[in-house]
Amino acid sequence: MNEHSPDTGTAVLDPAVAARLTRDPAGLVAAVVQQHDTKEVLMLGWMDDEALRRTLTEGRVTFWSRSRQEYWRKGDTSGHVQHVRAVSLDCDGDALLVQVDQTGPACHTGTRTCFDGRDLGAVVAG
């Protein structure tokens, strides 16, 4: 159990999965969200053990909101739902790749991704 998860006495994240996670000091792991068929990167969110458990078992993506200090399930208020297709852990255990079927915009600004129109103009090598 981490500092965010309520002590409900109910289901917890599979201990074998939890043991593979490398959390930041706040108990969180970065979750990169990608459209499953196009491979388009949609957004970045944060998950603790409980958010990951919900994501793995409920078929919808749940995050821990660092600003609101509460769980939020993508699409509950906007209707822009993320249906889980696959969840993978990176080699260091400190980042998740969540492949989804996105309904509507992924970004709270109304754009398809949180990265639309935000190119920083990096020099392309080669």
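Predicted model: local features only at pLDDT ≥ 70, side-chain atom pairs only at ≥ 80, totals over all residues.
**View 1. Salt bridge between Asp76 and Arg73.** Asp76 and Arg73 form a salt bridge in which the closest N and O atoms lie 3.1 Å apart. Arg73 has a relative accessibility of 30% and therefore counts as partly exposed. Asp76, with a relative accessible area of 47%, is likewise partly exposed, because this value falls between 20% and 50%. The structure holds 8 salt bridges, and the Asp76 and Arg73 pair is one of them.

**View 2. Salt bridge between Arg53 and Glu50 in helix H2.** The side chains of Arg53 and Glu50 meet in a salt bridge with an N to O distance of 2.8 Å. Both residues belong to helix H2, which spans residues 49–58. Arg53 and Glu50 are 3 residues apart, a spacing of about one turn of the helix. Arg53 and Glu50 are both buried. For Glu50, the relative accessibility is 12%, so this residue counts as buried under the 20% cut-off.

**View 3. Salt bridge between Arg54 and Glu50 in helix H2.** A salt bridge also links the side chains of Arg54 and Glu50, at 2.8 Å from N to O. Because Arg54 and Glu50 are 4 residues apart in helix H2, about one helical turn separates them. The relative accessible area of Arg54 is 22%, so Arg54 is partly exposed, whereas Glu50 is buried at 12%. In general terms, side chains of opposite charge can pair when their charged atoms come close.

**View 4. The network of Glu50, Arg53 and Arg54, with Asp76 and Arg73 for reference.** The salt bridge between Asp76 and Arg73 has its closest N and O atoms 3.1 Å apart. Salt bridges with shared partners join Glu50, Arg53 and Arg54 into one network.

**View 5. The open sheet of 4 strands.** The strands of this open sheet follow the order S2-S1-S6-S5, and their pairing is mixed. Strand S2 (41–47) and strand S5 (82–89) are the edge strands, each pairing on one side only. On average, neighbouring strands of the sheet are turned by 25° against each other, direction ignored.

**View 6. Pairing of S5 with S6.** Strand S6 comprises residues 95–102 and pairs with S5 in the antiparallel sense over 7 bridges. Val98 in S6 is the bridge partner of Val87.

Note on methods. Residues numbered from 1 in each chain as written. Heavy atoms only, no water. Salt bridge = Lys/Arg side-chain N within 4 Å of Asp/Glu carboxyl O. Helix = DSSP H or I, 4+ residues; strand = E, 2+ residues; numbered from the N terminus. Buried < 20%, exposed > 50% of the residue type's maximum accessible area, 1.4 Å probe, protein only. Pairing = 2+ DSSP bridges. Axes fitted to C-alpha atoms, helices over the stretch in contact; angles between N-to-C directions.
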